[in-house]
Amino acid sequence: MADSENTAASAPRVRRRLSPGRTLAWAVLIAALVITLFPFYWMIRTALTPAADLPTDTTALWPHHATLINFERVLGLTTTAQDLAAGGSGATLDFLVSLRNSIIYAGLIAFAQTFFCAMAGYAFARLRFRGRDLLFGVFVMALMVPPIFTLLPNFALVKSLGWIGSFEGLVAPSVLMTPFAVFFLRQFFLSIPAEVEEAAALDGAGRLTQFWRVVLPMSRGPLFTIGLITAVWAWKDYLWPLLVGPDQNTRVLTAALGIFLQQSPDAAPDWTGLMAAAVLAVIPVALLLVFFGRRLVESLNFTGIK
Amino acid sequence: MAEISGPVGGVALAARNRPRGTSAGAARRRRGSGARRGDGRVAWVFLAPALLGFALFYLYPTVRGAYFSFTDYDLLSPPHSVGAANYRALWHDPLYWNALRVTLQYVVINIVSQTVLALGLAWLMFRLTRSVLIRVLLLVPWLVPNVAVGLLWLWLLDANLGFVNHLITAAGGSSQGFFTTPALAMPAIAMINTWQYTGYTALLLYAGMLQIPSSLYESARLDGAGEIRTFTRITLPLMRPILALVLIVSVIGSFQIFDTISITPTHGGPVNATRAIYYYIYQLAFTQFRMGYACAVAMTLVLILGVLTFLQMRLLRASRSDLA
């Protein structure tokens with residue numbers, strides 16, 4: 001808190017004493033942060049609580065008998081008997097396999113989609129060719145189509161190709177493009193000055209060379225950020241991976257979590273196990289924030305600018 | 001290659017590049033002065049992957065989805081045309097109208113609460129701090145997969161052991177079965193998503209606030225305008241374009257509520273109270289295998305969202321800025 005106060009004061013304005021209004025405003029902001037973060041704390045707290053203690057150990061900030069058993073049984077490190085004894089349903093998450101699948105899924109989409117859409121966005125922003133505006137108009141129109149509408153026939157297509165349960169099927173609809181990425185990258189290329197490319201053109205570089213040797217290296221930072229946001233979206237995908245890759249060897253983390261929940265009895269859900277699974281699923285996100293938090297936050301500034 | 005860094009690497013690259021560059025330049029010169037006017041052929045090289053993806057997974061399914069909506073397709077046997085029967089059926093389908101009604105209920109609760117809270121939060125940040133840490137922390141729920149967020153709140157709102165009910169009983173109230181009471185289920189789901197997306201929305205709006213020239217605030221202060229007046233007379237009007245954009249995108253997103261509903265144990269219940277349109281389409285297609293009918297319902301959703309977006313653009317005059 002003291003830190004953020006300093007950051008605020010680093011703006012040119014003079015550091016002010018805390019007036020009652022400002023104190024109240026800070027209190028509200030801190031309350032918002034608590035409401036935002038406390039549920040995650042409670043998730044961890046529950047995951048560390050023995051299932052048998054849940055009805056009695058209700059509101060203490062730290063469990064009376066903290067344990068790692070829930071993580072162990074979710075990861076399949078315990079025997080089924082031990083799992084059942086600790087309140088489980090015998091189901092495991094196969095966390096590492098799902099983690100691997102999620103990384104492949106999100107990584108492949110983020111990398112390939114950003115690259116291909118950068119090419120297309122660049123063409124729309126810089127190149128002159130017949131039918132450009134019409135084609136771009138069609139892409140923009142596609143932004144309006146809700147994903148479920150294309151999801152149904154796409155599922156039928158992927159099914160008829162025999163791609164259910166394969167990474168080809170998982171990534172197919174988004175690996176080459178999404179209209180949003182094309183739209184967004186076009187705006188991005190429009191916003192950067194063309195002088196450097198023009199200089200390269202004077203040196204005799206063709207369009208492909210300009211793109212590959214000048215534009216891409218120059219825009220590495222923003223493109224990485226866009227790839228990062230694409231990866232976050234892909235990481236969060238649920239319905240499509242659940243439909244196309246439900247089997248163990250292609251099951252991504254979100255789908256695994258959903259299936260793990262279905263295996264837990266409705267009447268008496270295995271809350272401690274579920275929260276342990278949720279904690280495991282949130283860890284990659286936490287790492288992402290630690291490494292790229294500033295970048296992500298700052299990217300929201302420039303996505304805001306049209 | 002990676003060891004070569006700095007100017008040396010640059011020179012190496014440039015040298016390696018020379019031949020290809022010159023030949024392209026020569027080709028352009030051969031085509032004469034008109035070369036700069038068109039990049040016809042090379043443009044299609046740039047566009048090829050995106051075009052392929054667009055044709056296969058956007059255009060083709062759009063046409064096919066429209067076609068399926070006039071058939072009895074069930075994913076297993078080839079589709080047969082049934083004319084407009086699906087559309088007639090949905091006109092008389094109480095579950096369809098119910099789905100639209102509960103979706104609308106969700107959208108209203110979610111969008112109103114989320115926008116108001118996000119605006120307030122953005123304003124607080126704008127007036128108090130430029131801290132990156134606070135912004136990162138506010139972004140956390142957005143980064144977490146919806147399924148994990150839904151699971152977490154399923155637990156927090158649990159009728160017997162959930163933390164929220166501990167709070168309610170501690171405050172003298174009685175425990176609520178949030179997901180089993182029809183009147184509470186959809187508002188609960190809406191609040192979960194408001195919780196998840198308020199920070200993200202606030203950051204977008206905050207970015208919009210930063211774009212307003214500070215000179216305007218200074219003159220407002222000189223004129224003796226207070227906090228509230230400054231907000232309503234300067235901030236709000238001047239960030240209208242970005243607010244409009246954020247609203248349009250949030251409303252479209254809000255109509256697509258699915259993940260949270262799909263993990264609640266009531267599967268659209270209690271008594272259809274949470275069977276929103278996306279979830280209804282999903283159930284029609286993948287649990288009842290009525291793909292044709294599902295496509296017809298999805299077609300109507302396309303139309304509804306199209307009209308809604310158009311209306312919002314007109315009402316909010318999204319594309320015009322007052323700052324210019």
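# A question-and-answer tour of a two-chain model

User: What does B:His267 count as, given its C-beta neighbours inside 10 Å?

Analyst: Burial here rests on C-beta atoms placed from the backbone: 20 or more others within 10 Å make a residue buried, 12 or fewer make it exposed, and anything in between is partly exposed. B:His267 has 14 such neighbours inside 10 Å, so the residue counts as partly exposed.

User: Before we go on, what kind of model is this, and how are its parts labelled?

Analyst: Residues are numbered from 1 along each chain as its sequence is written, while chains are lettered from A and ligands numbered from 1 in the order in which they are written. Local features need pLDDT of at least 70, side-chain atom pairs count only at pLDDT 80 or more, and totals for chains, interfaces and linings use all residues, since this is a predicted model.

User: Back to B:His267, then: where is its place in chain B?

Analyst: B:His267 is not a glycine, yet its phi is positive, at about 50°. Helices (H or I, at least four residues) and strands (E, at least two) are DSSP runs numbered from the N terminus. On that numbering, B:His267 has its place in the loop between H12 and H13 of chain B.

User: Which residue does a cis peptide bond join to B:Gly269?

Analyst: The residue in question is found in the loop between helix H12 (259-263) and helix H13 (277-286) of chain B. The omega of this cis bond is about -5°, and the partner of B:Gly269 is B:Pro270.

User: And what value is phi of B:Asn272 near?

Analyst: B:Asn272 also lies in the loop between H12 and H13 of chain B. With 18 C-beta neighbours inside 10 Å, this residue counts as partly exposed. It is a residue other than glycine with a positive phi, near 65°.

User: What is the radius of gyration of chain A?

Analyst: Chain A has 15 helices and zero strands. The radius of gyration is taken over C-alpha atoms, and the globule rule is 2.2 Å times the number of residues to the power 0.38. For 306 residues that rule gives 19 Å, and chain A is well over it, so it is more spread out than a compact globule, with a radius of gyration of 25 Å.

User: What distance separates the centres of domain 1 and domain 2 of chain A?

Analyst: Domain bounds come from an automatic or database domain assignment, which divides chain A into domain 1 (16-74) and domain 2 (95-263). Along the principal axes, the C-alpha atoms of chain A fill a box of roughly 75 × 70 × 30 Å. Taken over C-alpha atoms, the two centres are separated by 37 Å.

User: Over which residues of chain A is the pLDDT below 50?

Analyst: The pLDDT is the predictor's confidence in each residue, from 0 to 100. Chain A has a mean pLDDT of 85, and 92% of its residues reach 70 or more. Confidence falls below 50 over residues 1-12.

User: Which residues is A:Ala278 in contact with, leaving aside its neighbours within four places in sequence?

Analyst: A nonpolar core is a set of buried Ala, Val, Leu, Ile, Met, Phe, Trp, Tyr and Cys residues joined through C-beta atoms within 7 Å. A:Ala278 is among the residues that touch the most other members of the largest such core, which has 154 residues. Helix H8 (residues 182-210) of chain B gives the most to this core, 16 residues. Apart from those sequence neighbours, the contacts of A:Ala278 are A:Met43, A:Leu257, B:Ala148, B:Leu151 and B:Leu152.

How values were computed. Two residues are in contact if their C-beta atoms, placed from the backbone, lie within 7 Å.
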